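Welcome! Here is a short briefing to read alongside the structure shown below.

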Amino acid sequence: MARPIQPSNLELQALTVLWHEGPSTVASIHGTLPDQKDRAYTTVLSVMQSLERKRLVRRSRVGRAHMYEAAYSQDEIVRRATREYLTNAFGGRLGEAILAILSAGNLTPDEKLTVERELQRHKTMAAKKVAKKAPAKKAAKKAPAKKAPAKKVAKKAPAKKAAKKAPAKKAAVKKVAKKAPAKKAAKKAAKKK
């Protein structure tokens, strides 16, 4: 299924009515919009037609009435809207967003329990992630110790070929020998300081 287009604020309110009340007519949506502002019937009709063009609702005819039904679940639409709100209003800082939302109203005792359970679940998940990372670090520390013998073997292999590459090594030794006096002078100057 294609990614849904993000609804406007009024469209989101109309979708909320459909998610909670089920398939509804424009008249019933008009009477139950959450912000309870006084709007014309035609305004709500235009909103529903816009939602239909965006393919966020499906319209069917029942007798003379047109019934509208949400095409996507509340979770799909709200998750995306929440991510955008979190990024745009709080720079992605979830803690600040939660505190702002909690200060906007009061929770019922049931809602408090739900929030506490969700926080506990996140706390448990975070602890599990930390526990999984710790053994991986230990394994990473042990891995270089196993690779050490392989390095020794690699050093021995060029020694066998040294007889073939002797002229090249002599040239390299001569270059190092020329640089050695400069290095010794630098070390002596550093020691005197």
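Which element gives the most to the nonpolar patch? That is α5, with 4 residues. This is a predicted model, in which local features need pLDDT of at least 70 and side-chain atom pairs count only at pLDDT 80 or more, while totals for chains, interfaces and linings use all residues. Residues are numbered from 1 along each chain as its sequence is written, and side-chain values use heavy atoms, leaving out hydrogens and water.

**The chain as a whole**

- The chain has 7 helices and 2 strands, where helices (H or I, at least four residues) and strands (E, at least two) are DSSP runs numbered from the N terminus.
- Along the sequence, these elements follow the pattern α-α-α-β-β-α-α-α-α.
- Of the 193 residues, 18% count as buried; buried means under 20% relative accessible area, exposed over 50%, and partly exposed in between (1.4 Å probe, protein chains only).
- The chain exposes about 15700 Å², and carbon and sulfur atoms supply 59% of that; accessible areas come from the Shrake-Rupley method with a 1.4 Å probe, and for residues only the protein chains shown count as cover.

**The nonpolar patch on the surface**

- Leu94, Ile98, Leu99, Leu102, Leu107, Val115 and Leu119 form this patch, with about 600 Å² of accessible area together.
- The elements giving two or more residues to the patch are α5 (94-103) and α6 (109-160).
- Leucine 107 sits in the loop between α5 and α6, and counts as partly exposed because its relative accessibility is 35%.

**The largest nonpolar core**

- This core has 19 residues, and Ala14, Leu15, Leu18, Ile29, Met48, Leu51 and Val57 have the most contacts inside it.
- Two or more residues each come from α1 (9-21), α2, α3 and β2 (65-70), and α1 supplies the largest share, 5 residues.
- A nonpolar core is a set of buried Ala, Val, Leu, Ile, Met, Phe, Trp, Tyr and Cys residues joined through side-chain atoms within 4.5 Å.

**A look at arginine 39**

- Arginine 39 lies in the loop between α2 (26-31) and α3 (41-53), and is buried because its relative accessible area is 17%.
- Its side chain joins that of aspartate 35 through a polar contact of 2.7 Å; such a contact is a pair of N or O atoms within 3.5 Å, and within protein one must be able to donate a hydrogen and the other to accept it, with residues adjacent in sequence counting only if both atoms are side-chain atoms.

Methods:
Patch = residues over 30% accessible without salt bridge, like charges linked within 9 Å, V, L, I, M, F, W, Y side chains within 5 Å. Salt bridge = Lys/Arg side-chain N within 4 Å of Asp/Glu carboxyl O.
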